[in-house]
Amino acid sequence: MSTVGIVGAGPSGIMAALQAAERGARVILFDSNRTVGRKLAVTGNGRGNLTNAAVGVDAYHCADRSFLERALSAFGRDDLLTYLRRVGVLTYATHDGWYYPVSGSAATVVEALATALDAAGVEVRLLTKVDDLRPRGAGWELWAGGGSSKIPVDRVVVATGGMAAPALGSKGSMFPVLEGLGHTVIPLRPALVPLVGDVRHLHKLQGVRLDVRVRLLAGDEVLGEEFGNLMFTQSGLSGPAPMNLSYLVGSDGRKGLEASIDLVPTHRHELMQLLHEQQGRPVPLRVLLGSVVPPKVPPVIMELAGVPREARLTEVDGEALARVLGHLRDLRVRVTGTRGFDQAQLSAGGVPVTEVDADTMESRKARGLHLAGEVMDVVGPCGGFNLQFAFTSGALAGRAAAG
C-alpha cells in the first residue's frame, strides 16, 4: 500500500484525498486550519457555487489550452455532480447555469465531504503546517513544525491554494518550496476582485447595479471583454463583469488602463426606436433613458454630456443627443488597480500548467510530486469555474498519486 501525503484540505486537497483513498492508498491530509474545507464553506457567499453549465476550455485562461481540455475531459462537470451526489450532495442549476447545493448552504457540502473522508479512512491532521517537502529515496519527506516532525510518504499532492483570502489560510507559503524544487512561480496577483479606479465623476451612481458589457483597455488595445453584472462602488467597480477582468490589471505592469462600459448592451435598438417614436414630443429625456437603465443613471449621463437634467427631447439637438448616447455606450473609468488579496476570490499566478502533466497533475520537475487547484496559474470567471478546476485537478492528482 502506497502512502500519499496531501498538503491543503481545500476542495482540491479533499478531492485528491478521497480519490487516492478510494484506490487503496493510505492518505494523510494536512491543513493548518481547525477544519477541512474552510474556503469551500464561504464560496458563493456561503451558498456554495460548485460548478457551471458553461464549464469548458474557452472559459479559462492559462498557458496551455490543451492542458485544460485533457483535464476537463477526464473529470468534468458531470463527473463532479455525479460524485457529489454519491457522497450525499444534491445540486441544482439556476437559469443561467450556476450550480448550487439544493440545501443552499456550502457548509452542508463541507460536512458531506468531511464525512466521506472519514468513511474512506483518510487520516486528517489539522492545525498542522507543512513547511517543506524533500525528496527521500524513491519517495518524499514532509517537514512540519519547523522540521520537528518529518513524515515519509511515497507521493505528495500540493493543494495549498494561492494567496486569495489569507485569513482563511492561503498565504502562499509553499511557492518558495516549489521554486526550490525547480518550478517557475509566476508572481501572484489578486483575481476575481473589484477594480479600483477614478470614479469621482460617477459618485452619484454608488450602489447602482446593472448588466453591462465592459472592456479593459490599454490605449487602443482591448485586453479583455466581459458581459455581466456590474456595481458602482465608492472606490471603483465591482460585480462579476469587472471582477472577471481583474486578473489582467497589473499582469504586465502597464499603466493607463481604462474600463469602457456599455450601459445598454442588449436593449440599444429598443431605446433608439423609442427615441425615434417620441421625436417632437416634449418628454423629459431622462424618462426615456430610464426605460433601459436604473433611474440614477440618466441624470449622471446627461450631466457628463453637458445636457440639463430636466431637458426635454424637443430641447436636445442631434449633437447633444449623440453625446448622451455616446456616454451610455462608452462610459470611461480610469483603472488604477484592484482591491487586495483579502477581498479576492482567487489569485492569478503560480506554477504554469506547462510544467504539469495534464493527465496526472504530476510535476514535470520533480517525480512523485503532484499539484492541484489554485497553486497553478489557471483563472476562470465567477460562477463556479474555479471550484470546478480545483475539484478536477484534485481528482486527477489523487488518482495518479495512488498509483
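Let's start with a word we'll need: a residue is called buried when its relative accessible area is under 20%, exposed when that figure is over 50%, and partly exposed in between, using a 1.4 Å probe and protein chains only. By that rule C382 is buried, because its relative accessible area is 11%.

What you're looking at is a predicted model, where local features need pLDDT of at least 70, side-chain atom pairs count only at pLDDT 80 or more, and totals for chains, interfaces and linings use all residues. Residues are numbered from 1 along each chain as its sequence is written, and side-chain values use heavy atoms, with hydrogens and water left out.

Stay with C382 for a moment. Its sulfur has its closest cysteine sulfur in C62, 18 Å away, so the two are too far apart for a bond. C62 itself is partly exposed, because its relative accessibility is 23%. A disulfide calls for a pair of cysteine sulfur atoms within 2.5 Å, and a search of the whole structure turns up zero of them.

Next, the rings. Rings of Phe, Tyr and Trp (for Trp, the six-membered one) pair if their centres lie within 6.5 Å; planes under 30 degrees apart count as stacked, over 60 as edge-to-face, and the rest as tilted. Searching the whole structure gives two aromatic pairs. In one of them, Y60 and F385 have ring centres 6.1 Å apart and planes at 80°, so this pair is edge-to-face. It ties together distant parts of the chain, 325 residues apart: Y60 is in the loop between β3 (51-52) and α2 (65-74), while F385 belongs to helix α11 (residues 385-401). Helices (H or I, at least four residues) and strands (E, at least two) are DSSP runs, numbered from the N terminus. Both partners are tucked away: Y60 is buried at 4% relative accessibility, and F385 is buried at 6%.

A charge sits over a ring if NZ of Lys or CZ of Arg is within 6 Å of the ring centre and within 35 degrees of the ring normal. R47 does this over the face of Y100, 3.9 Å from the ring centre, and R134 puts its charged end over the ring of W143, 3.7 Å from the centre.

Last stop, the backbone. Most residues other than glycine have a negative phi. L127, which is not a glycine, has a positive phi of about 50°. You'll find L127 in the loop between β6 (123-125) and β7 (130-136), where it counts as exposed at 54% relative accessibility. A165 also has a positive phi, near 50°. A165 lies in the loop between β10 (155-158) and α5 (175-180), and counts as buried at 15% relative accessibility.
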